[in-house]
Amino acid sequence: MDSKSAQFSEFSYYPDSEPQTAVSSTFQEKIALGPSRVWITRPARPRWSGLIPAAAVIITTIGFVAAILGVLFGKQCHETQGGSGIRPVIRAGIFYTSENHEQSPDSQNHLWVLTISGLASQFISVTSSIIMALVAYRVGAEWLRLSRRPSDSSIPETPSPAQYGLLVRLLGTSSIGPIVEGLIYTAQSWKRARLPRMVRFSLWLAVAVWVLARLVGLTDVWLHTSSFSRRSNVTLPHTESSPSPSTMWGVAFNDSICEDMRTKHTDAAPLLSGNLECQAAYETFVFWEDWGHATAFDTITNSTDASFLVGSVDGETAFVLPGPQIVDMVSKNFLIPTFATRANCTSINYLCTTNANGIIDDCAPAGYPTLPLFRNATGTPQPGMVPNRILGKVGQDIVGIQGGSFESLLVPLGNKARIYVQLQWERLEQGVWDATRAKPILSVEDHLAIDHSPEPTLYADCELSFFNAFVQWNSTKHDWKLLNTTDLPQEQTAALWLPLVWQYATERLAASLMYTARTDTKEVVMQALGQNLASLTLAAAAGFYKPGNGYNVTETRKLLVSAYPALPIMVLLSLLCAYAALATGVFISVCCVRDEVIIFPPADHGFQEEHLETSTMTLAMRWLTNPLPLVGVLFAAEDGRDGARSAAYSPMNAAYDGDEEHTRLAIGLDGDRFGVTPWSQR
């Protein structure tokens, strides 16, 4: 050995070896004189340590599918979806999920499916090289099988040098470059060596893996661009909470009033007995009980403290509903029993006769002998002497002339009551009634609902019907729905009309109609009169009500839901399953092949641990995916350890590694050849 090489000591970077020294002629002589050493193999199953990464890829890919399905169906918003399971998704074409635990006006939803799909896309892109390494195991096993028993049929199935280089490129990476080269090589097969089955197998699997990885990425982009979040109204089971339980949301008749009045007002003026047992007690309540008046006043004026309010459904039916302090109608949905009324009114001004001054003085020819009812004792019609009155008619008797019905305890028959209405307003300073001049149709007398001589006056005949009803509130639509009605019993009808004929609501009715009566047609005014009369009848009788049960109570909440189009979801899941199935198929085929392990003589363990035996299939996979084994052959150290390097357990130990000048490599033109050469040979 020359002096130059003696100045350098060789170092190995392998953890299993001692620092290497320069190769001397004496050492080579010892090798030559050494005993003959034989490497042998024994059958074995493929080592799981080499297959663990591929198994992890398969399991993780299936895990992504399970995670996406878990979010889609575990967090499925059944209310927005219209049901549970896959059928509503097929109908809607969208997966709706609620992925936010706390919903508030400023809450934000995390679209977890997009996160999982993004991770899956990146995972497939990064780990596709692991699947190609798994393919290399399968190809290596086939190559080993063909090499053990060479024959005229097996030799053509082994690769040529060019095809081996193509295999290393295809199986060592998952990029598009080697695939394009392989396709070009295949397309030029007519002027190339015969393409072995293992090369075709590797090429098409490389194409399949690359295409699947790219399609997963594109589908992920598609899913990201088409998914969105939106507010949705969802109906949830009701939990009893403030302001009051659902047992107070309905409306029922307070039957205890009858006995209470008999007990409390034993010294009250005696009332005539009617044909109903409690009628006298109910009229005592209307006349004496201030709390009944107060309850009615709160309801008539729509007070926020009212226990009951009156609503309207279908534009003609009035009904009683719980007050704002009783139920939160912003979010609750419920069904309640209640009372309802309808009023159908007809104008009779034009049917009555007038005196010489144009003042209506007699409606008897039209069948209304009581009208008009004048305030003065003599009955002589005088301007401004028509009091506002709501009168009840039972048979030929009129109820309510003196204020109430003490003069007669006659009650309506069944659930219907006949009502006469006379209302008069003062002539306003600005002559508001002259606004009718803007409507030419009102200049025709038959189209008017009022007379203007001497003051604006309205006479009407109304039929008022009372019902038990069930109404349903929908907080999403902010709408009441009348489900069904039944006729109210006669005694309750007679009780509920008492406050009306006691003139509880008369002035409120006049105030509500004062402008409509002056400015609209007879049809519009009569419709408004019927609606107001029906509502005020129930409002004036609010003292007779008590809370009842509410039914079918649910709660509507505005939830932020995630919407994932079903088509990209299904495409993504199909691609992930296809990727896992492809990898699983190759994995199973590798597990089923026969492997061998190399048994080293003790002197040749080199870079091997004593308890390790290198798998031939692992080495074949390394030669198909990693350039280091080929580099180790091209640049042998000739230090007696090259054999051990060829079967080293770690691929980093497959090539010689030194720190001296003559162990370094150069690249470029070397004589008539371009390539990589040792510095010592330049």
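Me: Why is the disulfide of C345 and C462 called right-handed?
Reply: The torsion about the S-S bond of that pair is about 110°, so the disulfide is right-handed. By the way, this is a predicted model, where local features need pLDDT of at least 70 and side-chain atom pairs count only at pLDDT 80 or more, while totals for chains, interfaces and linings use all residues. Residues are numbered from 1 along each chain as its sequence is written, and side-chain values use heavy atoms, with hydrogens and water left out.

Me: What makes C345 and C462 a disulfide at all?
Reply: The rule asks for a pair of cysteine sulfur atoms within 2.5 Å. The sulfurs of C345 and C462 are 2.1 Å apart, so the pair passes the 2.5 Å cut-off. The link reaches between distant parts of the chain, with C345 in strand β7 (residues 332-347) and C462 in strand β13 (residues 457-474), 117 residues apart. Strands here are DSSP runs of E, at least two residues, and helices are runs of H or I, at least four, numbered from the N terminus.

Me: How do you know whether C345 and C462 are buried or exposed?
Reply: Buried means under 20% relative accessible area, exposed means over 50%, and partly exposed is in between (1.4 Å probe, protein chains only). C345 has 9% and C462 has 1%, so both count as buried.

Me: How many disulfides does the rule give?
Reply: The count comes to 3. One of them joins C258 to C278, with the sulfurs 2.1 Å apart. That link is left-handed, at -85° about the S-S bond. C258 lies in helix α10 (residues 256-264) and C278 in the loop between α10 and α11 (279-288), so the pair ties together parts that are 20 residues apart in sequence.
Reply: Another joins C352 to C363, S to S 1.9 Å. Its torsion is about 105°, so this disulfide is right-handed. Numbered in sequence order, the bonded cysteines of the protein chain pair as 1-2, 3-6, 4-5.

Me: What makes R418 and D461 a salt bridge?
Reply: You need a side-chain nitrogen of Lys or Arg within 4 Å of a carboxyl oxygen of Asp or Glu. The closest N and O atoms of R418 and D461 are 2.7 Å apart, so they qualify under the 4 Å rule. R418 sits in strand β12 (residues 416-424) and D461 in strand β13, 43 residues apart. D461 is buried at 9%, while R418 is partly exposed at 36%.

Me: How many salt bridges does this rule give?
Reply: The count is 7. Among them is R262 with E277, closest N and O 3.7 Å apart. R262 is in helix α10 and E277 in the loop between α10 and α11, so this pair ties parts that are 15 residues apart in sequence. E277 is exposed at 65%, and R262 partly exposed at 35%. There's also a network of salt bridges that links E142, R145 and R197.

Me: How do you know that the buried residues of α12 line one face?
Reply: In helix α12 (residues 290-300), G292, A296, T299 and I300 are buried. Seen down the axis, the buried residues fall within an arc of 100°, so they line one face of the helix. The arc is that of the directions from the helix axis to the C-beta atoms. In general, an α-helix has 3.6 residues a turn, so residues three or four places apart point the same way. The face turned away from the buried side of α12 carries the exposed residues D290 and F297.
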